[in-house]
Amino acid sequence: MEKFIKLTDTAVPLPIENIDTDQIIPARFLKSTDKQGFGDNVFRDWRFDHEGNKNENFVLNDDMYSGSILVAGDNFGCGSSREHAAWAIAGYGFKVVISSFFADIFRGNALNNGILPIQVTPEYLKSLLDVIKEKPDTQLTINLEDQELSSPVGELEFEIDPYKKVCMINGYDDIDFLISKKETIEAFEREQTF
């Protein structure tokens, strides 16, 4: 995984509530066990019509908005437990998703795939979406070490599991983390008497 310490970028506003994993990546695209290519089909049924033509009214097809931060409505990632949803979000290039609520399984899948889910209050989310829609070049800064989100709406501290924070800052997946502890594990084993 890529290290995540601090990010400053613009954001894409998606003020839709209850976005489920089938909307993030439709089930017909789940034929692969390789993470490659899922980003091409993120929000496929919203981005394109049945004939494959771009839906010009969908925010990801609007050149006014860009960036590696997705600001989404309440209850993001609900529905099935498919990890492919996190693969699609990451594959598209999003590094952070901001919402007022995340489904637990999606939150875990996101963190396991290098995406930082930041939960904010509904009031903060509404104000942030309004600012981004009004001024698409709005910059947000996420400092993972300090667990702080800075935006024109204000500074906000966010929660993250301490273990996942260490993994993201160092670019570790679960196996990389264990390998980083190899010397400590070996020292512990040497001290054991059987």
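Of the 194 residues in the chain, 43% count as buried, meaning under 20% relative accessible area with a 1.4 Å probe and protein chains only. This is a predicted model, where local features need pLDDT of at least 70, side-chain atom pairs count only at pLDDT 80 or more, and totals for chains, interfaces and linings use all residues. Residues are numbered from 1 along each chain as its sequence is written, and side-chain values use heavy atoms, leaving out hydrogens and water.

The chain has 8 helices and 8 strands, taken as DSSP runs (helices H or I, at least four residues; strands E, at least two) numbered from the N terminus. Its C-alpha trace spans about 65 × 40 × 25 Å along the principal axes.

| Item | Value |
|---|---|
| H3 | residues 84–92 |
| H4 | residues 104–112 |
| H3–H4 angle | about 50° |
| H3–H4 axis distance | 8 Å |

The two helices are therefore oblique to each other, the class left over once angles under 35 degrees (roughly parallel), over 145 (roughly antiparallel) and 65 to 115 (roughly perpendicular) are set aside. Ala85, Ala86 and Ile89 of H3 meet Phe106, Asn109 and Ala110 of H4, with contact meaning heavy atoms within 4.5 Å. Those contact residues split into 5 nonpolar, 1 polar and no charged.

Within H4, Phe106, Asn109, Ala110 and Leu111 are buried. The buried residues of H4 pack against H1 (21–24), H3, strand S5 (116–119) and H6 (162–170). Just after H4, Gly114 takes a positive phi of about 80°.

Terms used. Axes fitted to C-alpha atoms, helices over the stretch in contact; angles between N-to-C directions. Nonpolar A, V, L, I, M, F, W, Y, C, P; charged D, E, K, R; others polar. Buried < 20%, exposed > 50% of the residue type's maximum accessible area, 1.4 Å probe, protein only.
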